[in-house]
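Please view the sequence and the structure first, then read the points below by topic.

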Amino acid sequence: MHKFSIEHFPFLNLSILLSRVSWSITLRWLAVSGYFLATIVAKYAFNLQLPYNKIWLLLGILALINVIYLLISKIFKKFSFLAEIVFLQFHIIIDLIFLTAIIHYSGGVENPVYLFFVFHVILSSIIFHGRTPIVIATIVVLLFSSLLYVEYKGILPHYSIFFSNLHSNELFIYLTLVVFTITVYVTMYICISFMYIYREVKVQIDQQNQQLIEADKQKSQFFRFTSHELKSPVVAIQSSIDGVLKNFSDQLDSRAKDLLQRASSRSSQMLDIIRELLELSKIRSGAQTSVKKINLNHLIQETIDQHRIIAEEKNLKLNINLSQKDIIVYGSAESFKDLFQNLFNNAIRYNKNNGQINVSTENIGDYVKLVVKDTGIGIAEKAIPKIFDEFFRSENAKKEVKIGTGLGLSIVKQIVENYGGKITVQSELGKGTLFTVVLPKQKVLDTEQEGGIA
Amino acid sequence: MQKKILIIDDDIDLVEAMRLTLENANFEVIDAQDGQKGLEKIEKEKPDLVLLDVMMETQDEGFHIAYQIRSNAEMSDLPIIMLTAVGIETGFHFDKEKDEDFLPVNEFLEKPVNPDKLVEYVRKCLGQ
């Protein structure tokens with residue numbers, strides 16, 4: 001017996017194996033009932049003379065075994081990987097023995113139902129690794145040859161369907177066995193070669209994925225580190241400049257004062273970028289903040305009220321259309337506030353004077369829909385795919401509002417995705433922009449990644 | 001009488017910038033570069049108010065110092081203004097209304113501190 005180890009089964013994980021087991025159980029129900037129906041047809045429609053009672057008995061036992069499988073898999077939900085593999089191998093070997101017995105009672109070599117052996121060969125070649133498929137294929141060939149041999153020798157009676165005496169025709173038996181053996185081994189070979197390539201590819205993809213995750217993590221750490229390092233000097237610079245401006249204002253010549261004011265505003269711009277970088281890397285690193293029950297409509301209304309003054313400066317008309325029913329989500333209030341605030345702020349900053357902003361929320365089944373629409377400068381078509389990128393600011397946005405970090409929408413997207421939601425944007429240059437956020441009401445928990453083949 | 005303010009912060013440039021503003025506003029300013037020295041100066045020099053940086057050696061050194069001040073009967077009434085760092089990297093979300101119950105400081109000020117705000121907060125905490 002070869003060693004079992006997870007690396008040998010890159011296509012399988014426990015959950016896939018479990019689904020294989022339940023699949024195997026379902027297939028067995030179908031096979032048992034299908035074969036039972038076939039015997040009914042054979043008996044009453046075609047009047048074939050076969051030992052039906054024995055076949056039915058076998059089918060009955062197999063059904064009983066299937067019930068036991070079902071109970072085992074229900075009771076021991078948490079099998080180990082190894083135990084599942086052995087359990088499945090056991091299934092297949094028991095099935096092969098029953099199939100041989102059923103073929104014996106159904107006409108032996110006269111009944112092409114022996115081709116069903118090929119199913120087991122395919123199944124085991126897909127699921128198992130190493131020598132197991134070869135062992136199964138060999139068991140199949142041995143079982144079938146032994147059956148034909150004992151019937152040929154008369155050790156066991158032959159139940160004939162067509163009274164053709166094929167079971168005692170040496171040449172026919174040889175021909176059948178040779179073709180059957182070739183079919184079984186070639187099928188197995190094709191399946192395992194195919195699976196070999198798939199496993200190789202899967203291992204490669206997994207490795208590359210791991211590298212990508214690693215690289216992204218390093219990038220986030222670099223972000224974080226750099227922001228921290230930048231922060232203290234900039235704070236000191238700004239504090240010094242502001243100190244001079246406040247305390248020596250009357251001694252400064254107006255041009256010197258102007259330059260210092262510019263320096264102060266630039267360093268405060270830099271601090272904004274640092275602040276948002278830290279925010280982004282915090283969300284990136286998935287640091288879990290406390291999860292709370294949040295009334296989304298209240299939070300949105302609150303944020304709007306806080307920004308009303310800026311909106312009034314531009315004489316913007318606010319159309320707020322929040323759902324009648326409260327929308328309850330679970331998460332960090334800070335994140336939700338950041339999410340809405342960034343969208344709403346953009347809608348104000350990039351709007352035209354006397355423009356409009358529409359904000360609406362809606363309950364749609366298990367989802368929440370939030371729409372923020374403005375009548376601002378819009379986004380050029382070719383810029384749309386980039387707007388969620390870090391530091392990206394579109395040409396017209398830079399023209400309209402000189403200072404901006406280009407991080408707001410990356411933060412928004414990261415929050416939405418962390419929550420298992422989706423954000424989409426529609427925009428027309430010069431007309432306005434519409435952001436739609438769809439969030440699941442209950443945060444989608446990360447489920448174990450399903451991979452592999454059906 | 002001139003009020004005495006102790007700044008506990010390890011960034012000397014920041015201390016100087018604040019010193020300038022506070023001295024111009026007619027306060028006496030002394031400073032300490034770390035928490036331990038800060039505690040010693042409180043005992044020796046009896047300042048009227050402490051400006052305390054939240055992050056020095058460790059992420060929350062400022063909090064520990066604040067607790068020590070509050071738990072010492074002699075100085076438990078000393079007003080403390082905590083200087084918080086940019087952004088959220090301490091892992092604490094500073095919200096005065098919410099944290100009042102368990103944070104033993106009078107006010108929070110985010111760095112970089114606006115000079116006018118600094119003077120305003122200091123005056124407020126001194127009851128001026």
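**Salt bridges, cores and a lysine in a loop**

Across all chains, a search of the whole structure finds 17 salt bridges. The structure is a predicted model. Its largest nonpolar core has 48 residues, and the count of disulfides over all chains is 0.

**Salt bridges within helices of chain A**

- In helix α7 (residues 254-284) of chain A, Asp272(A) and Arg275(A) lie 3 residues apart, about one turn of the helix. Their side chains form a salt bridge with an N to O distance of 3.0 Å.
- Asp272(A) is partly exposed, at 33% relative accessibility, and Arg275(A) is partly exposed with a relative accessible area of 26%.
- Helix α8 (residues 296-313) of chain A holds Asp305(A) and Arg308(A), again 3 residues apart, about one turn of the helix. A salt bridge joins their side chains at 3.1 Å, N to O.
- Asp305(A) has a relative accessible area of 41% and is partly exposed; Arg308(A), with 31%, is partly exposed.

- In chain B, the side chains of Asp31(B) and Arg19(B) meet in a salt bridge of 2.7 Å, N to O.
- This pair links distant parts of the chain, with Asp31(B) in strand β2 (residues 28-32) and Arg19(B) in helix α1 (residues 12-24) of chain B, 12 residues apart.
- Asp31(B) is buried, at a relative accessible area of 14%, and Arg19(B) is buried, at 16%.
- Through shared partners, salt bridges join Asp272(A), Arg275(A) and Glu110(B) into one network.

**Nonpolar cores**

- Within the largest nonpolar core, the residues with the most contacts are Ile103(A), Phe117(A), Val140(A), Phe144(A), Phe180(A) and Val184(A).
- Six helices of chain A each supply at least two residues of this core: α1 (14-45), α2 (52-75), α3 (81-105), α4 (117-127), α5 (132-153) and α6 (170-247). The largest share, 12 residues, comes from α3(A).
- Not counting residues up to four places away in sequence, Ile103(A) touches Gly108(A), Val113(A), Tyr114(A), Phe117(A) and Leu147(A).
- Another core, of 44 residues, lies apart from the largest one and includes Phe223(A), Leu280(A), Ile300(A) and Ile423(A).

**Helix α3 of chain A**

- Helix α3(A) has 25 residues and reaches 37 Å from its first C-alpha to its last, close to the 36 Å expected at 1.5 Å a residue.
- Because 18 of its 25 residues are buried, α3(A) is largely enclosed by the rest of the structure.
- Just after α3(A), Gly107(A) takes a positive phi of about 115 degrees.

**Lys352(A)**

- Lys352(A) sits in the loop between α9 (333-349) and β4 (356-364) of chain A and is partly exposed, at 37% relative accessibility.
- Leaving aside neighbours within four places in sequence, Lys352(A) is in contact with Lys314(A), Leu316(A), Thr375(A), Gly376(A) and Gly430(A).
- A polar atom of the Lys352(A) side chain lies 2.5 Å from the backbone oxygen of Gly430(A).
- Lys352(A) and Thr375(A) are 23 residues apart along the chain, and their C-alpha atoms are separated by 6.9 Å.

**Cysteines**

- Cys191(A) is buried, with a relative accessible area of 15%.
- Cys125(B) is buried as well, with a relative accessible area of 18%.

Methods. Residues numbered from 1 in each chain as written. Chains lettered and ligands numbered in written order. Predicted model: local features only at pLDDT ≥ 70, side-chain atom pairs only at ≥ 80, totals over all residues. Heavy atoms only, no water. Core = buried A, V, L, I, M, F, W, Y, C linked by side-chain atoms within 4.5 Å. Buried < 20%, exposed > 50% of the residue type's maximum accessible area, 1.4 Å probe, protein only. Helix = DSSP H or I, 4+ residues; strand = E, 2+ residues; numbered from the N terminus. Contact = heavy atoms within 4.5 Å. Disulfide = S-S within 2.5 Å. Polar contact = N/O pair within 3.5 Å; in protein donor to acceptor, adjacent residues only side chain to side chain. Expected span 1.5 Å × (residues − 1). Salt bridge = Lys/Arg side-chain N within 4 Å of Asp/Glu carboxyl O.
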